[in-house]
Amino acid sequence: MRVVVPGSFDPITNGHVDVVERVARRVDHVVVAVLVNPAKQGTFSVDERMDLIRASLDHLDNVAVDAFEGLLVDWCNANGIGVIAKGLRAVADFEYELQMAQMNARIGDIETMFVPASPSSSYLSSSLVKEVARFGGTVTGTVPAVVEDALLARLAESD
Ligand code: PNS
């Protein structure tokens with residue numbers, strides 16, 4: 001089975017890494033797909049995000065990285081992938097994720113598989129990590145080391 005793990009990944013956190021690692025152990029192939037959102041300027045460009053994902057998931061040999069624009073189901077159908085895997089951190093994630101899963105099933109005949117976040121990373125989000133880093137808090141252990149270095153460098157540039 002081939003599965004896509006989609007997201008903004010601005011930047012990838014250890015929560016994302018955990019979900020991808022666990023999905024990759026259960027399926028043949030995983031594509032981590034980064035949303036290209038022209039309406040929203042991120043902390044990292046899509047190319048930078050893809051590079052950070054590749055560096056963070058280098059140890060997994062059945063994982064590839066791609067980017068997509070527009071509807072995720074169109075990318076899935078164009079790439080012959082019928083299953084989306086999404087991490088769920090808490091009940092708060094569930095409502096919106098369920099809506100998207102049902103919509104994606106309706107408009108694209110794509111199934112969604114939910115993967116519960118590991119307790120050790122269930123509080124992590126890219127935006128929270130960035131906020132902590134921006135105000136000088138330590139983010140060590142919440143993101144891969146390569147991401148921490150890139151984040152601190154990016155924040156130093158904007159000072
Ligand atoms: O990391 P995120 O921001 O939670 O990821 C959300 C993402 C990228 C998976 C979602 O916004 C998405 O699939 N966007 C693409 C546009 C789309 O297909 N929208 C319809 C969803 S039902």
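## Helices over the sheet

Contact here means heavy atoms within 4.5 Å. With that in mind, let's walk through this predicted model, starting with helix α1, residues 14-26. Helix α1 lies across β1 (2-7), β2 (29-35), β3, β4 and β5, and its direction makes an angle of about 115° with β5.

Then there's helix α2, which covers residues 46-56. This one lies across β2 and β3, and it runs at about 150° to β2.

## The sheet itself

What order do the five strands of the open sheet take? Reading across, you get β3-β2-β1-β4-β5, and the pairing is parallel. The edges belong to β3 (63-68) and β5 (111-116), each of which pairs on one side only. On average, neighbouring strands in this sheet are turned by 30° against each other, ignoring direction.

Strand β4 spans residues 83-88 and joins β5 in the parallel sense over six bridges. Within that stretch, look for Gly87, which sits opposite Val115 of β5.

## Around the ligand

Now for the ligand. The residues around the ligand include Pro6, Gly7 and Ser8, along with Leu35 and Phe68.

In the side chain of Ser8, an N or O atom is 2.7 Å from an oxygen atom of the ligand. Leu72 uses its backbone instead: an N or O atom there lies 2.9 Å from a ligand oxygen. As for cover, the ligand on its own has 550 Å² of accessible area, and the protein covers 72% of that.

## The loop between β1 and α1

Which residue forms a salt bridge with Asp10? The partner is Arg49, with the closest N and O atoms 3.4 Å apart. Asp10 sits in the loop between β1 and α1 while Arg49 belongs to helix α2, so the pair ties together parts that are 39 residues apart in sequence. In total, the structure holds eight salt bridges.

The backbone of this loop deserves a look too. Most residues other than glycine have a negative phi, and most peptide bonds are trans. Phe9, found in the loop between β1 and α1, has a positive phi of about 50° even though it is not a glycine. Then comes the peptide bond from Asp10 to Pro11, which is cis, with omega near 0°. Pro11 also lies in the loop between β1 and α1.

Technical notes. Residues are numbered from 1 along each chain as its sequence is written. This is a predicted model: local features need pLDDT of at least 70, side-chain atom pairs count only at pLDDT 80 or more; totals for chains, interfaces and linings use all residues. Side-chain values use heavy atoms; hydrogens and water are left out. Two strands pair if DSSP finds at least two bridges between them. Helices (H or I, at least four residues) and strands (E, at least two) are DSSP runs, numbered from the N terminus. Axes are lines fitted to C-alpha atoms, for helices over the stretch in contact, and angles run from 0 to 180 degrees between N-to-C directions. A residue is near a molecule or strand if one of its heavy atoms lies within 4 Å of it. A polar contact is a pair of N or O atoms within 3.5 Å; within protein, one must be able to donate a hydrogen and the other to accept it, and residues adjacent in sequence count only if both atoms are side-chain atoms. Accessible areas come from the Shrake-Rupley method with a 1.4 Å probe; for residues, only the protein chains shown count as cover. A salt bridge is a side-chain nitrogen of Lys or Arg within 4 Å of a carboxyl oxygen of Asp or Glu.
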